[in-house]
Amino acid sequence: MTMSAGWYLRRLSRMGPREVGGRAGDAVRRRRWRAAPPDCPDVTGARFTASLPAGTLAEVPPDAVKRLTAEADRLMDGHAEFFGVERDDLADPDWSYDPKTGRRAPQVYAFDVPYRDEEAVGDIKQIWEPSRHQYLTVLAAAYAVTGDERYAERVAAHLRSWWAANPPLRGVHWTSGIELGIRLLSWVWIRRLLDGWPGAAGLFEDDPVARRQIWHHQRWLAAFPSRGSSANNHVIAETAGQFAAACAFGWFPSSARWRTDALRSLERQLRANTFGSGLNRELATEYHGLVLELGLAAVAEADAAGVPVPASVRLVLLRMTDALAAVVDNRLRPPRQGDADDGHGLVVDGTGTDRWASLLATGDALFGRLAWWPEVTGTDVRTPLLAALVRPYPGNGTAAAVSRPESRPDRFADAGMTILRGPEEIWCRCDGGPHGFLSIAAHAHADALSVEVRHDGVDVLADPGTYCYHGQPAWRRYFRSTLGHNTLQLDGADQSVSGGPFLWTRQARTRVLAADPSGDGVARWSAEHDGYQRTVHRRRVELTAASRELRIVDEVRGTGRAARLAFHLGPAITAELAGNRAVLTWTGDGEDRSAVLDLPGGLSWRAHRGESDPPLGWYSAGFGRKEPATTLVGTGFADGTAEFTTVLRFHG
């Protein structure tokens with residue numbers, strides 16, 4: 001996907017003067033570095049001292065070790081899966097190759113690489129992901145818990161291969177700050193986990209090639225921070241990686257300054273990216289997880305290095321952890337809201353480890369769980385490692401004056417999220433929040449007033465997900481469209497106006513009118529948005545405990561419009577549609593389950609599944625993966641006083 005002149009103008013219109021000035025300075029610096037790249041200073045006597053405390057590895061649960069080593073052995077055989085693409089070339093990877101398209105990114109000056117153009121470069125996510133080196137942190141962790149030097153030797157071979165193939169400022173891996181930041185964090189942990197291996201020092205601090213790579217990564221991040229309208233999760237990854245490296249690899253004349261500047265930026269950006277309620281401002285749940293992982297890893301590095309961290313950093317991470325505990329369903333699955341690209345901050349666990357359970361386990365270890373938190377029964381490798389580095393603080397790391405929720409929150413007013421819960425583990429998320437974060441709302445979807453409903457962790461009315469970013473514009477438009485969510489579309493248009501794959505030029509404004517999630521037998525929520533000019537869409541949702549009934553009432557006030565109301569069913573749901581009634585069946589925990597969905601009679605209903613031209617009827621469980629799922633779409637006309645009622649009844 002290449003960007004047109006119109007896109008650049010639209011993008012420029014979303015920037016303020018300070019951001020424009022900063023980007024102009026970046027452009028000048030890029031031209032200067034082309035002619036005269038910065039030089040890494042010579043250093044002597046570099047040492048790594050941020051080791052794990054003695055006895056830490058013995059705390060890793062045996063079943064977590066088993067999952068880790070199984071994953072490591074698969075990697076040793078050269079097998080890995082990235083975004084739905086199975087690879088068998090990881091024994092000796094080509095770092096610029098995209099197996100999905102068969103293309104290789106050009107090895108030219110980094111800022112000349114057209115990384116958004118799939119025709120020229122390939123699928124950039126497929127190229128970037130292995131070079132985050134998080135599969136190498138898995139191999140390093142496997143060495144740490146087993147002592148098997150095969151894992152360490154493979155890590156060393158791949159790092160040396162990568163450093164040789166990607167000299168500073170050459171190629172696609174020097175184009176994006178988030179990639180450099182996460183890669184630095186991986187290198188810190190690789191060095192820590194290989195600490196018992198005789199070759200560790202020779203791989204890192206005693207190797208001038210390694211030192212040069214580490215220095216150039218940090219110099220790049222200091223020079224080109226994500227700015228203004230782009231200061232979202234990317235800037236957190238950049239500052240967390242910069243800070244971690246400046247703590248653990250503090251060998252350079254600029255290390256102290258980089259450490260101070262990165263910590264200052266991390267503190268400021270964590271606050272800016274997080275609502276007071278603890279939810280991430282991008283309103284994209286997977287980025288909540290990414291930012292939380294990065295923040296926890298940064299605090300661990302600070303404590304390992306004895307660097308004081310502002311209390312506000314721990315407070316934000318505490319609130320994010322409590323918020324995560326509050327919004328998950330009974331299977332510890334959080335909402336599927338906004339963009340998701342399977343991004344992780346630190347990976348030391350094998351396949352089968354639950355990401356969200358792991359985060360809650362770490363939160364318990366660092367902050368202490370509250371009585372209302374859901375039980376976490378799974379195990380992981382990461383929690384004991386992080387907990388060993390983070391110093392004990394009064395109140396599990398929080399000041400005594402910090403107030404935490406006494407009961408489980410179900411309404412997050414600043415984020416516009418309300419969770420309705422019913423019997424038999426009925427879970428319903430109602431979306432009445434801001435469209436997204438910052439002026440471009442990069443990771444937002446046009447999903448105002450959408451609902452997401454689960455029964456015992458099974459998606460019944462599902463958020464279809466994300467699937468892709470670059471290279472497939474029709475699919476990108478669909479998965480973030482209004483029609484691609486459980487809400488009402490008018491005149492075939494999205495509620496918010498897209499200006500590009502990560503850009504919204506007009507954002508719908510949403511207002512919650514009422515929210516009583518813990519009502520006496522009936523949980524209620526209502527909200528409206530102004531995305532359709534001269535027409536207001538208002539929605540009421542009621543969940544009645546006694547009858548296990550969810551009622552959704554959509555009202556249209558203003559100018560009459562053509563209407564389409566969509567309900568996306570989860571991939572486990574089978575639907576039989578007859579007229580305006582759909583019988584839903586699925587299997588949960590080995591038992592047959594069913595529900596009836598009575599749809600508005602004023603609309604004409606059809607079931608769609610796995611359609612591609614245009615896309616409709618799909619579910620994306622993870623980035624790069626999609627599968628057919630049933631979508632029920634009702635079409636008709638909504639006059640200025642239209643009302644459409646949908647009732648979902650769960651059977652006992």
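Leu-283 is buried in this predicted model, with a relative accessible area of 7%. Leu-283 sits in the loop that joins α12 (255-272) to α13. Its phi is near 50°, a positive value in a residue other than glycine. Most residues other than glycine have a negative phi, and most peptide bonds are trans.

Asp-589 also has a positive phi, of about 55°, although it is not a glycine. This residue is found in the loop between β19 (581-588) and β20 (591-598). Asp-589 is exposed, because its relative accessible area of 57% is over the 50% cut-off. A further backbone feature is the cis peptide bond between Asp-613 and Pro-614, where omega is about 0°. Pro-614 belongs to the loop between β22 (611-612) and β23 (615-616).

**Nonpolar cores**

The largest nonpolar core has 138 residues, and the members that touch the most others are Trp-187, Trp-189, Leu-194 and Phe-249. Helix α13 (residues 285-305) supplies the largest share of this core, 11 residues. Apart from it lies another core, made of 40 residues, including Tyr-532, Ala-638, Ala-642 and Phe-644. In soluble globular proteins, nonpolar side chains tend to be buried together.

With residues up to four places away in sequence left out, Phe-249 touches Phe-48, Trp-187, Val-188, Arg-191, Phe-204, Ile-214, Gln-218, Ala-244 and Ser-255. Phe-249 is also part of one aromatic cluster, together with Phe-48, Trp-162, Trp-163, Trp-187, Phe-204, Trp-251 and Phe-252.

His-216 is placed in helix α10 (residues 208-223). At 5% relative accessibility, His-216 counts as buried, because the cut-off for that class is under 20%. Not counting residues up to four places away in sequence, the contacts of His-216 are Pro-38, Cys-40, Pro-168 and Trp-174.

**Aromatic pairs and charges over rings**

A search of the whole structure finds 24 aromatic pairs. One of them joins Phe-83 and Phe-623 in an edge-to-face arrangement, at 5.0 Å centre to centre and with 75° between the planes. Phe-83 lies in the loop between β1 (80-82) and β2 (85-87) and Phe-623 in the loop between β24 (618-622) and β25 (625-628), so this pair ties together parts that are 540 residues apart in sequence. Both Phe-83 and Phe-623 are buried.

Trp-163 and Phe-204 have ring centres 6.0 Å apart and planes at 85°, so this pair is edge-to-face. Trp-163 is in helix α7 (residues 149-165), whereas Phe-204 is in the loop between α9 (200-203) and α10, so the pair ties together parts that are 41 residues apart in sequence. Trp-163 and Phe-204 are both buried.

| Charged residue | Ring | Distance from ring centre |
|---|---|---|
| Arg-29 | Phe-224 | 5.7 Å |
| Arg-30 | Phe-111 | 4.8 Å |

**Strand pairing**

An open sheet is formed by 5 strands in the order β5-β6-β7-β8-β9, with antiparallel pairing. Strand β5 pairs with β6 (residues 417-422) in the antiparallel sense over 2 bridges. Within this pairing, Phe-412 stands opposite Met-417 in β6. Helix α14 (residues 311-327) packs on the sheet and touches β5, β6 and β7 (426-431), and the direction of α14 makes about 40° with that of β6.

Elsewhere in the chain, strand β26 takes part in two of the pairings described here. Strand β17 (residues 561-568) and β26 (residues 630-638) pair in the antiparallel sense over 8 bridges. The bridge partner of Arg-564 in β26 is Thr-635. Strand β21 (residues 604-609) pairs with β26 in the antiparallel sense over 6 bridges. Ser-604 stands opposite Thr-635 in β26.

Key: Residues are numbered from 1 along each chain as its sequence is written. This is a predicted model: local features need pLDDT of at least 70, side-chain atom pairs count only at pLDDT 80 or more; totals for chains, interfaces and linings use all residues. Side-chain values use heavy atoms; hydrogens and water are left out. Two strands pair if DSSP finds at least two bridges between them. Helices (H or I, at least four residues) and strands (E, at least two) are DSSP runs, numbered from the N terminus. Contact means heavy atoms within 4.5 Å. Axes are lines fitted to C-alpha atoms, for helices over the stretch in contact, and angles run from 0 to 180 degrees between N-to-C directions. Buried means under 20% relative accessible area, exposed over 50%, partly exposed in between (1.4 Å probe, protein chains only). A nonpolar core is a set of buried Ala, Val, Leu, Ile, Met, Phe, Trp, Tyr and Cys residues joined through side-chain atoms within 4.5 Å. Rings of Phe, Tyr and Trp (its six-membered ring) pair if their centres lie within 6.5 Å; planes under 30 degrees apart count as stacked, over 60 as edge-to-face and the rest as tilted. A charge sits over a ring if NZ of Lys or CZ of Arg is within 6 Å of the ring centre and within 35 degrees of the ring normal.
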